[in-house]
Amino acid sequence: MSETHPVGSPLHLASATPALETVEQRSLPTTTNDPALFVWLEGASAEELDALSFGVIAMATDATVEHYNVAEGKLAGLTPSRVTGRHFFNAVAPCMNNFMVAHRFATEAEIDDTIDYVLTLRMSPKKVRLRLLKRPAGKRMYLIVERKA
């Protein structure tokens with residue numbers, strides 16, 4: 001026989017409310033090729049995005065930067081506060097304002113593709129692997145940046 005508690009009591013609320021996950025409890029993706037990465041990113045907090053070891057640029061559907069994670073900031077030499085709120089392809093990374101990256105985000109309803117790329121903005125050329133993620137019902141689109149050795 002199960003025990004019941006009065007509605008609104010602390011015991012009732014505790015049994016009816018699932019435990020909230022923290023960054024430590026929720027497993028972070030360790031690779032950029034995780035098939036469930038888009039879903040994970042859509043539910044991630046700012047702290048979780050910042051805990052990732054690879055670069056994540058989360059953009060609104062108009063390409064305005066909503067989150068620029070700590071790893072990407074360190075690797076690119078740009079502070080997240082300087083990038084957030086700006087149009088990514090025009091004001092932050094014009095080296096990606098082309099048919100390989102920006103045009104795809106602007107014209108394709110759904111993207112999950114990985115491409116080899118060379119970044120040239122504010123640095124000597126750096127080989128990277130980009131993963132472009134966008135879904136029609138998504139609240140954001142994502143550019144994942146993995147530096148190559």
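Modeller: Start with exposure. Buried means under 20% relative accessible area, exposed means over 50%, and partly exposed is in between. Keep in mind that this is a predicted model.

Colleague: Why is R129 called partly exposed?

Modeller: R129 has 31% relative accessibility.

Colleague: What makes R129 and D116 a salt bridge?

Modeller: The closest N and O atoms of D116 and R129 are 3.4 Å apart. The cut-off is within 4 Å, for a side-chain nitrogen of Lys or Arg and a carboxyl oxygen of Asp or Glu. The pair therefore qualifies as a salt bridge. It links distant parts of the chain: D116 is in strand 3 (residues 111-119) and R129 is in strand 4, 13 residues apart.

Colleague: And D116, why is that one partly exposed?

Modeller: D116 has 46% relative accessibility, so it counts as partly exposed. Exposed would need over 50%.

Colleague: How many salt bridges are there by this rule?

Modeller: The count comes to six salt bridges. Two of them involve R104. In one, R104 pairs with E108, with the closest N and O atoms 2.8 Å apart. In the other, the side chains of R104 and D113 meet at 2.7 Å, N to O.

Colleague: Which residues at this site are buried, and which are partly exposed?

Modeller: R104 has 17% relative accessibility, so it counts as buried. E108 is at 25%, so it counts as partly exposed. D113 has a relative accessible area of 27%, so D113 is partly exposed as well.

Colleague: What makes R104, E108 and D113 one network?

Modeller: Shared partners. Salt bridges that share partners join R104, E108 and D113. R104 bonds to E108 and also to D113.

Colleague: Now T32. Where does T32 sit, and why is it called buried?

Modeller: T32 is in the loop between helix 1 (10-16) and helix 2 (37-43). Its relative accessible area is 11%, so T32 is buried. The cut-off is under 20%.

Colleague: What makes T32 and E146 a polar contact?

Modeller: The side chains of T32 and E146 are joined at 2.9 Å. The limit for a pair of N or O atoms is within 3.5 Å. Beyond four places in sequence, T32 is also in contact with L37, F54, R131 and I144.

Colleague: Why is R131 called buried?

Modeller: R131 has a relative accessible area of 5%, so R131 is buried. R131 is in strand 4. A polar contact of 2.9 Å joins the side chains of R131 and D112. Among the residues R131 touches beyond four places in sequence are N33, D34, P35 and Y142.

Colleague: Is K139 buried or exposed, and how do you know?

Modeller: K139 has a relative accessible area of 54%, so K139 is exposed. The cut-off for that label is over 50%. K139 lies in the loop between strand 4 (126-134) and strand 5 (141-147). The C-alpha atoms of K139 and E42 are separated by 7.2 Å, though the two residues are 97 apart along the chain.

Colleague: How do you know that strand 1 and strand 2 pair?

Modeller: Pairing takes at least two bridges. Three bridges join strand 1 (residues 55-59) to strand 2 (residues 65-68), so the two strands pair. They run antiparallel. I57 has Y68 as its bridge partner in strand 2. The two strands form a hairpin with five residues between them. A63, in the turn, has a positive phi of about 75°.

Colleague: Which residues touch the most other members of the largest nonpolar core?

Modeller: F88, M96, V101, L130 and L143, out of 26 residues in that core. The largest share, four residues, comes from strand 3. F88 is in contact with residues including I57, A63, Y68, M96 and L143. Apart from this core lies another, of 13 residues, among them L37, A44, L133 and I144.

Colleague: Where is pLDDT under 50?

Modeller: One stretch is residues 1-5, for which the model has two contacts beyond four places in sequence. Over residues 9-24 the pLDDT is also below 50. The protein averages a pLDDT of 85, and 80% of the residues score at least 70.

Notes: Residues are numbered from 1 along each chain as its sequence is written. Side-chain values use heavy atoms; hydrogens and water are left out. Buried means under 20% relative accessible area, exposed over 50%, partly exposed in between (1.4 Å probe, protein chains only). A polar contact is a pair of N or O atoms within 3.5 Å; within protein, one must be able to donate a hydrogen and the other to accept it, and residues adjacent in sequence count only if both atoms are side-chain atoms. Contact means heavy atoms within 4.5 Å. A nonpolar core is a set of buried Ala, Val, Leu, Ile, Met, Phe, Trp, Tyr and Cys residues joined through side-chain atoms within 4.5 Å. pLDDT is the predictor's confidence in each residue, from 0 to 100.
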